Amino acid sequence: MTLPDGPDETLPVSLPDLPRPDEDSRIAAEVKALVREGNLEAARDRFSALVRRQQRRASRIAYHFLRDAADADEAVQDSFIKVFSHIESFREDLPFEVWFTRILINGCLDRQKARRRRGRWAVSLPEAEPGERSWVESVPAAGLSPEEALLLRERRAQIAAAVGKLPERQRTVFLLCHYEGCSSREVSGITGLNESTVRVHLFRAVRRLRSLLGGNL
Amino acid sequence: MKLDRSHPADDRLIAVYFGDEEASEADRRSVRQHLHGCEACTWRYTELTAPLERLRRDAASEADEVFTSARLDAQCARIMGRLDAKTVGARVVPFPIGANRLSRAVIRRPVMRWVAAAAAAGLLVGLAAGRLIESDRGRVAQVAQTARTSASAPRLPVPSPEPAVAAESDEATLTEIEAAARSQRIPALSVLDQMTPHLRQDAVLVRAIR
Ligand SMILES: [Zn+2]
């Protein structure tokens, strides 16, 4: 599913009840104004605040989609670059987060497709960066015995595999609604799906996960 | 008020958990009241939602363990670095003035010849690769499968084809639902559609900035 881009509909006068513009949207509007003035350096500096505010959430979403830290990292970077490059098309009266998440998810879905095309679609483990401990060593967090850590890893692997088996829309809706706590209205804004369709996808995802995971969910 | 004696279905309980915005306040209140008065449903609600809650918490902590503050700092630095290339590049590097003075003919002919040769070579390679891909599709899939199974790094199970087929049919059903829903698509969302850059259009741009 690539989220829809630009149907031939006229711009509506009023907008749906998406959350009103927040601090992020205000910063994005400032960046846009600076870019319009041709003050790219100042725009870039202001944009760094936006990156700081959104990057943890974005990394989490991308990681849950891609299950690979390096891939998720790149997807997040690309999304921010894309946002900056298209900041002039940002509408100040809309929530920045919805727009940004939409761009991010499109990027993640494209990466998934590319990965499938390369014939190595699997829920793969993230690779360690030079000088970093491997994923297996560093996750999960300290405080667990080796046995507990192993159990937790196995459980996470099972869950990731089950989520990976969900059809694309169900997975997208489930990750946004459940992991990120987005409302069905927000997910509707992000995905372009009808709100009631969002709910259908969510319930189906939960039902399927319960059947796939049995006692583990 | 009278207790609603019909036990709500699992989906309704899950809807309550996810804060179903479509249900009326009266409907939500009736489910909540039922839960207070019915031990079986309270138990079922807990059974349904506690694992979901645990799943959500664990998912958040897993991602946070991978994306440490140091990693996020490095990510931010890389984004800013890539933007520097864009913003500084746009301002500082002018097109070489001297280049305009060169005769177009001098530049063009060898370039044209080179482009024509590259295009011809590309066509030949494309045709050959097309044939190879067609005839070797089965073999490539087999090799990929072997590579996956023989990888020494710990790997999580690859989804088996059976659920994938079920998933696809499920997806097809939902696609139909969506097609029906699209006819009454929320017009206001077209604003978001129009301002969202399309990925494929941007792939070249992103690569250029990188
Ligand atoms: Zn009951």
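This is a predicted model: local features need pLDDT of at least 70, side-chain atom pairs count only at pLDDT 80 or more; totals for chains, interfaces and linings use all residues.

A: For the complex, the predictor gives an ipTM of 0.80 and a pTM of 0.65.

Q: What average pLDDT does chain A have, and which of its elements score lowest and highest?
A: pLDDT is the predictor's confidence in each residue, from 0 to 100. Chain A averages 82, and 78% of its residues score at least 70. By element, the lowest mean in chain A belongs to helix α5 (residues 135-138), at 42, and the highest to α3(A), at 96. Residues 4-16 of chain A stay under 50, and the model has 34 contacts for them beyond four places in sequence. The pLDDT is also below 50 over residues 124-138 of chain A, a stretch with 28 contacts beyond near neighbours in sequence.

Q: How does chain B score on pLDDT?
A: Chain B averages a pLDDT of 62, with 37% of the residues at 70 or above. Confidence in chain B is lowest in helix α5 (residues 97-101), where the mean is 37, and highest in α3(B), at 91. Residues 132-168 of chain B stay under 50 and have 23 contacts beyond four places in sequence. Residues 199-210 of chain B also stay under 50, with 22 such contacts.

Q: How many helices and strands does chain A have, and how much of the chain is buried?
A: Count the elements, then look at burial. Chain A has nine helices and zero strands. Of its 217 residues, 59% are buried. Its accessible surface is about 8500 Å², and carbon and sulfur atoms account for 48% of that area. Contacts along the chain can be sorted by separation: among those between residues at least 6 apart in chain A, 68% join residues at least 24 apart.

Q: What are the corresponding values for chain B?
A: Chain B likewise consists of nine helices and zero strands in its secondary structure. Buried residues are 27% of its 210 residues. The accessible surface of chain B is about 13700 Å², of which 62% belongs to carbon and sulfur atoms. Among contacts in chain B between residues at least 6 apart, 65% join residues at least 24 apart.

Q: Which residues coordinate the zinc ion, and what is the geometry of the site?
A: Read the donor atoms and distances, then the angles. The zinc ion is held by His7(B) through ND1, His34(B) through NE2, and Cys38(B) and Cys41(B) through SG, at 2.0 to 2.3 Å. The angles among the four donor atoms are 104 to 114°, and the site is tetrahedral. Along the chain the donors have the spacing H-x26-H-x3-C-x2-C.

Q: Which parts of chain B do His7(B) and Cys41(B) tie together?
A: His7(B) is in the segment before α1 (10-17) of chain B, and Cys41(B) is in helix α3 (residues 39-66) of chain B, so the pair links parts 34 residues apart in sequence.

Q: What is the phi of Arg67(A), and where does the residue lie?
A: Most residues other than glycine have a negative phi. Arg67(A), which is not a glycine, has a positive phi of about 55°. Arg67(A) is in the loop between α2 (40-66) and α3 (69-85) of chain A, and counts as buried at 10% relative accessibility.

Q: Where is Leu175(A), and which residues does it contact?
A: For a buried residue, look up its element and then its contacts beyond neighbours in sequence. Leu175(A) is in helix α7 (residues 168-179) of chain A and is buried, at 3% relative accessibility. Beyond four places in sequence, Leu175(A) contacts His64(A), Phe65(A), Val163(A) and Glu180(A). The C-alpha atoms of Leu175(A) and Ile61(A) are 7.5 Å apart, although 114 residues separate the two along the chain.

Technical notes. Residues are numbered from 1 along each chain as its sequence is written. Chains are lettered from A and ligands numbered from 1 in the order in which they are written. Side-chain values use heavy atoms; hydrogens and water are left out. Donors are N, O and S atoms within 2.8 Å of the metal (3.2 Å for Na, K and Ca); water is not among the atoms, so sites may look incomplete. Four donors count as tetrahedral if all angles lie between 85 and 135 degrees; four count as square planar and six as octahedral if opposite donors are over 155 degrees apart and all others between 65 and 115; anything else is irregular. Helices (H or I, at least four residues) and strands (E, at least two) are DSSP runs, numbered from the N terminus. Buried means under 20% relative accessible area, exposed over 50%, partly exposed in between (1.4 Å probe, protein chains only). Contact means heavy atoms within 4.5 Å. Accessible areas come from the Shrake-Rupley method with a 1.4 Å probe; for residues, only the protein chains shown count as cover.
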